[in-house]
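Below are some notes for a colleague who is meeting this structure for the first time. Please keep the sequence and the model in view while reading the numbered points.

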Amino acid sequence: MALHLGIARAQGLTRNRPRLVREAVADLPEHRRDFDLAACSDELFEDHDVLMLCADSLDGVEDSGSDVNQALGMVNLAPLDWFTSFDPNRPAPSIAATESKGCSI
């Protein structure tokens, strides 16, 4: 996430403060791909899934009954006992219990 924020900050600076950026890099050798921040992002990341954590449109996606899951046809796919404390004496849920809730493995 820090890299995404850094790239976004660099994009903002090159767009809003170009003279400041030119002065900051004036003594550095030039390269044809300088300021190609889209290529930088492509090289640094395998995917951009972490950005979904900040997407307001996906808020609540962890809830099986959320509007997002219903729209995607992903009802009842939330993990079993998501917020239950770990109890080493409690048996693990069976695959049959998972399938009865509509999950496919």
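1. Ser41 counts as buried, at 14% relative accessibility, where buried means under 20% relative accessible area, exposed over 50% and partly exposed in between, with a 1.4 Å probe and protein chains only. Ser41 is found in helix α3, helices being DSSP runs of H or I with at least four residues, numbered from the N terminus. Leaving aside residues up to four places away in sequence, Ser41 touches Ile7 and His48, and contact here means heavy atoms within 4.5 Å.

2. A word on the basis of these values: the model is predicted, so that local features need pLDDT of at least 70 and side-chain atom pairs count only at pLDDT 80 or more, while totals for chains, interfaces and linings use all residues. Residues are numbered from 1 along each chain as its sequence is written, and side-chain values use heavy atoms, with hydrogens and water left out.

3. Helix α1, residues 2-16, packs with helix α3, residues 37-44, at an angle of about 175 degrees and with the axes 10 Å apart; the axes are lines fitted to C-alpha atoms over the stretch in contact, and angles run from 0 to 180 degrees between N-to-C directions. That makes α1 roughly antiparallel to α3, a term for angles over 145 degrees.

4. Which residues of α1 and α3 meet? From α1 come Leu3, Ile7, Ala10, Gln11 and Thr14, and from α3 come Leu37, Cys40, Ser41 and Leu44. By class, this contact of α1 with α3 has six nonpolar, three polar and no charged residues, where Ala, Val, Leu, Ile, Met, Phe, Trp, Tyr, Cys and Pro count as nonpolar, Asp, Glu, Lys and Arg as charged, and the others, Gly among them, as polar.

5. A search of the whole structure finds one salt bridge, defined as a side-chain nitrogen of Lys or Arg within 4 Å of a carboxyl oxygen of Asp or Glu. Asp36 forms a salt bridge with Arg33, and their closest N and O atoms are 3.6 Å apart. Asp36 is partly exposed, with a relative accessible area of 31%, and Arg33 is also partly exposed, at 41%.

6. For the chain as a whole, the secondary structure comes to five helices and zero strands. Buried residues make up 13% of the 105 residues in the chain. Of the contacts with a separation of 6 or more, 40% are between residues 24 or more positions apart.

Key
Helices (H or I, at least four residues) and strands (E, at least two) are DSSP runs, numbered from the N terminus. Angles under 35 degrees count as roughly parallel, over 145 as roughly antiparallel, 65 to 115 as roughly perpendicular and the rest as oblique.
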